[in-house]
Amino acid sequence: MTDTARGHTGPSEFLPKLFTVWREGYGLSALRADALAGLTVAIVALPLSMAIAIASGVGPERGLYTAIVGGFLVSALGGSRYQIGGPAGAFIVLVAACVTATGVQGLILATILSGVILIVAGLLRLGTYIRYIPYPVTVGFTAGIAVIIFASQLREMFGLTLPGAEPGEIVEKVRALWQARGTVTWAAVAVAALTAAVILGLRRVRPHWPGMLIAVALASVVVAALAFPVATIGSQFGALPQMLPMPALPDLALWQQALPWAASFALLGAIESLLSAVVADGMSGARHRSNAELVAQGVANIGSGLFGGFCVTGTIARTATNVRAGSRGPVSGMLHSLFLLAFLMVAAPLAAYIPLAALAGVLAVVAWGMAERHEFAALLRSSRGDALVVLATFLLVVFRDLTEGIVVGFALAGLVFIKRMSETAGMRPREEHLDRPRADRVVYHLEGPYFFGAAAQLGGVLDRIAEAPRALVLEMSGVPLIDSSGARGMHSLAARARRRGGRLYLVGLKPALRRQLEAQGLHEPEVQFSASLAEVDAALDAQPGGESG
């Protein structure tokens, strides 16, 4: 539960957690713990940031710029104690497509515009609602992203040579790679396999060691020592710069092309960052401020774009590493960025020796971990509705579009929810009135939410019941909510009973629901609100023609 969900609205919900930590008291021991955690996360983030950048179609230095500038701002201004910001694997497909469509300048502008959108979303307190993304949608989306990331690394993992540009659409990509299967470089296959094996092996025997960094370093040494004919960062991109560039605005004339990409970046970034914050909450027992987190993500994206980086979001794996490494608060995330800056300044020339096949092996392991295979299988077994949502989201993400997958998955999940909620709504004759039936009245008990789904299901039955009796009595103490469609249905029911010379009685209605119906135009004497069935019986019996009259 976020601070907003607990009722902490107002300026405090935008207060960065950094200030909260300082107010609680921040000493030297906490700084030592944060320094160790920050170094641990930086070691994980170093190869991953470059690998994600390369897979996204930009130079490896832009991944470092993103992690340094964006990561620092996310931690300094964010609403989570432990969130680590930086480039994320989930963005690879979108960023690569954006670069293809608009160029690097368009990507940078889209990143800055997405930051503006995220700030506005946070100020409008939309972070409270983004966390309602259904679980099957997130699982299907994440699994789809994992497949796309893995497919994007096949070329480097197998050292394939294509006659032209690598297609972006996955079916065409796989077809092109298969046609180039005769160009496999077995040295690249060996390097990628070695990298993945070292990472997975260290996870089992030495889980606290920086497996990704060790694997990439080992692969680099092997390639250099044995003179393997594989592409490296140096041969592909040249030497990395040893300092952050000066901040600069991109070409603003591209704003119309960049804006749709910015909206996609903002939507995906909001979902990814808040999911990451929720994971950190679950691991640490802390509570994040969702709207402060969105504002911080927005500022971080603007900062990243100004320094030549691209999309920043909360990263689940690095955030979880931060928590496990003993972080005390946002200072560890800020220090992780400073450690990355130190690497850029001191050791950037060493990055030229890193084989691209090794980075492909890193991303292959990341994709395997992202796939959420057990959760996916469990949802397929749980119910037809959940299976439909997770499969539709997964297939649309893989074969169509990320945003389309989220939107359609969310819509399908909504329809499944409506159907399930409709099934919880019910109507049955009131039992005590069955023992002494009266010709001038019929009494039914409604239970469950009376919203548009239930109104469509029960409306026809209620209309038929209203044809005969002088009084239609609905006992509604078990109804927790009524929406505008349900209120309209009650309005029509009251009018039909009145045309028949009868009346609609609503019994046991909660005060808030009565006020809602009255706000929709349903007032006495068109309908009679009563506190109990005994009150209705007494009123009807006292009327001329009543059972006891």
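Guide: Two strands pair if DSSP finds at least two bridges between them. Keep that in mind as we look at this predicted model.

Visitor: What makes strand 6 and strand 7 a pair?

Guide: Four bridges join strand 6 (residues 503-507) to strand 7, and the cut-off is at least two, so they pair. The two run parallel, and valine 507 stands opposite serine 530 in strand 7.

Visitor: And which strands make up the open sheet, in what order?

Guide: Five of them, in the order 3-4-5-6-7, with mixed pairing.

Visitor: Why are strand 3 and strand 7 said to stand at the edges?

Guide: Strand 3 (426-429) and strand 7 (527-530) each have a single partner strand, so one side of each has no neighbour in the sheet. On average, neighbouring strands here are turned by 25 degrees against each other, direction ignored.

Visitor: What makes Phe394 count as buried?

Guide: Buried means under 20% relative accessible area, so Phe394, listed as buried, falls under that cut-off. Other buried residues of helix 18 include Val390 and Leu396.

Visitor: What do the buried residues of helix 18 pack against?

Guide: Helix 6 (135-152), helix 8 (170-179), helix 17 (373-382) and helix 19 (402-424). Across the protein, buried residues make up 53% of the 549.

Conventions. Residues numbered from 1 in each chain as written. Predicted model: local features only at pLDDT ≥ 70, side-chain atom pairs only at ≥ 80, totals over all residues. Heavy atoms only, no water. Buried < 20%, exposed > 50% of the residue type's maximum accessible area, 1.4 Å probe, protein only. Contact = heavy atoms within 4.5 Å. Axes fitted to C-alpha atoms, helices over the stretch in contact; angles between N-to-C directions.
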